[in-house]
Amino acid sequence: MSIKENYKAIQDQLPSGVQLVAVSKTHPVSAIQEVYDLGQRIFGENKVQELMEKQPLLPSDIQWHLIGHLQTNKVKYIAPFVDTIQSVDSQKLLSEINKEAGKHNRIIKVLLQVKIAAEETKFGLEISEAKDLFQQYIEGSFPNIEITGLMGMATFTEDEQQVRKEFLILKSLFDELNELKTLDTLSMGMSDDFPLAIESGANSVRVGSAIFGRRDYSKQNF
Ligand SMILES: *Cc1c(COP(=O)(O)O)cnc(C)c1O
């Protein structure tokens with residue numbers, strides 16, 4: 001199927017009120033422009049360097065989401081333009097984003113990335129750490145940040161029960177934090193598991209290959 005057909009097919013599967021982040025990593029700006037021309041405005045990238053190369057070549061009303069691990073020393077490069085950083089996994093990173101957002105007189109939206117997968121994963125906050133950071137945020141520690149929600153990735157497995165269980169853990173944390181201060185976004189689900197994520201309460205999904213096709217890491221010229 002073409003990108004256009006893929007995009008329409010995904011859209012048809014999304015209930016109203018569920019946000020689509022089109023994950024464009026490794027794909028050229030021409031492909032992103034094609035999806036933009038179909039009306040998509042939110043795109044996700046997982047590498048700072050790649051995002052910085054693509055951003056100036058594309059329309060300025062794209063809302064760029066960073067979805068991959070972010071090193072503190074690279075925050076400054078994306079702080080001027082990034083819409084949402086979905087992969088906040090430490091207090092140090094949150095402080096740095098707050099500082100850089102302040103320099104540009106911006107409020108940067110962030111999601112706390114929480115470890116929900118049973119498999120060993122490198123990145124993400126423990127649930128207790130996420131609660132702690134959210135508490136500090138509520139108390140006013142990060143004035144140039146808006147925590148708009150949570151992000152999580154389930155274990156890469158065929159076992160639907162397992163994946164559902166993990167999504168529901170994040171949904172329950174979302175509900176708990178939402179009692180303290182209203183949150184907008186529960187970002188869970190990718191090409192293979194987004195219908196399950198939506199069933200489990202996701203209202204934002206990050207879909208890459210089901211729109212753009214398989215990623216080829218061997219030839220990356222954007
Ligand atoms: C690449 C990526 C996605 C999209 O993955 P697909 O399987 O291609 O849909 C979603 N979330 C994160 C964090 C990613 O790195």
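Colleague: Which residues surround the ligand?

Modeller: This is a predicted model, in which local features need pLDDT of at least 70 and side-chain atom pairs count only at pLDDT 80 or more, while totals for chains, interfaces and linings use all residues. Residues are numbered from 1 along each chain as its sequence is written, and side-chain values use heavy atoms, with hydrogens and water left out.

Around the ligand are Val 23, Lys 25, Ile 67, Met 153, Met 190, Ser 191, Arg 206, Val 207, Gly 208, Ser 209 and Arg 215; a residue is listed if one of its heavy atoms lies within 4 Å of the ligand. By class, this shell has 5 nonpolar, 3 polar and 3 charged residues (Ala, Val, Leu, Ile, Met, Phe, Trp, Tyr, Cys and Pro count as nonpolar, Asp, Glu, Lys and Arg as charged, and the others, Gly among them, as polar).

Some of these residues make polar contacts, meaning pairs of N or O atoms within 3.5 Å. A polar side-chain atom of Lys 25 is 2.6 Å from a ligand oxygen. For the side chain of Ser 209, the distance from an N or O atom to a ligand oxygen is 2.7 Å, and for that of Arg 215 it is 2.7 Å. The protein buries 91% of the 390 Å² that the ligand exposes when taken alone (Shrake-Rupley method, 1.4 Å probe).

The ligand sits in the largest pocket, as more than half of its atoms lie within 2 Å of the pocket's grid points. A pocket is an open set of points on a 1 Å grid over the protein atoms alone, where a 1.4 Å probe fits, with protein on both sides within 12 Å along at least five of seven lines; lining residues have an atom within 4 Å of a point. The lining comprises 14 nonpolar, 10 polar and 13 charged residues.

Note on methods: A polar contact is a pair of N or O atoms within 3.5 Å; within protein, one must be able to donate a hydrogen and the other to accept it, and residues adjacent in sequence count only if both atoms are side-chain atoms.
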